[in-house]
Amino acid sequence: MGRIAQSLIATFREESQLAEVAEQFTQGLPEDMPSPRQLAEEGYDPQHILYIAAQSFAASFGESVSALDQFESWSKHVA
C-alpha cells in the first residue's frame, strides 16, 4: 500500500465522525447510477455488471477523497 493510502486509512481510523464521513460519501453518489440488480434485469453480463459497479465506485471514491489534505500534492500535479 502506498504512502497516501496509508495516510488516508490512518485518518479514517482516527476520524471520530467516520459514520458521518461514510454517509456523506454515499449521499454524494450519483442518483442515476444503476444498481447491479438493475443492470442484471437489463440483461448485462454478470462480469460486466461487476466491472461497471467497481468502476463507478472507484471513480466516485476518487472524486470524494481528492479534496482531502492527503491528496493536496497529488491534486496540484494533475490539475
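**Exercise 1. Which helix has the lowest mean pLDDT among the elements of the protein, and which the highest?**

Solution. The model is predicted, and the protein averages a pLDDT of 77, with 77% of the residues scoring at least 70. Turning to the elements, the lowest mean pLDDT, 66, belongs to helix α2 (residues 18-27), while the highest, 90, belongs to helix α3 (residues 36-41).

**Exercise 2. Describe the secondary structure and the contacts of the protein.**

Solution. Then consider the contacts with a separation of 6 or more, of which 59% are between residues 24 or more positions apart.

**Exercise 3. Check the span of helix α4 and describe its start and its buried residues.**

Solution. Helix α4 covers residues 46-65, so that its 20 residues, at 1.5 Å a residue, should span 28 Å, and this agrees with the 29 Å between its end C-alpha atoms. At the start of α4, the backbone nitrogen of Gln 47 lies within 2.9 Å of a side-chain oxygen of Asp 45. The buried residues in α4 include Ile 49, Ile 52, Ser 60 and Val 65.

Methods. Residues are numbered from 1 along each chain as its sequence is written. This is a predicted model: local features need pLDDT of at least 70, side-chain atom pairs count only at pLDDT 80 or more; totals for chains, interfaces and linings use all residues. Side-chain values use heavy atoms; hydrogens and water are left out. Contact means heavy atoms within 4.5 Å. Helices (H or I, at least four residues) and strands (E, at least two) are DSSP runs, numbered from the N terminus. The expected span of a helix is 1.5 Å times one less than its number of residues. Buried means under 20% relative accessible area, exposed over 50%, partly exposed in between (1.4 Å probe, protein chains only). A polar contact is a pair of N or O atoms within 3.5 Å; within protein, one must be able to donate a hydrogen and the other to accept it, and residues adjacent in sequence count only if both atoms are side-chain atoms. pLDDT is the predictor's confidence in each residue, from 0 to 100.
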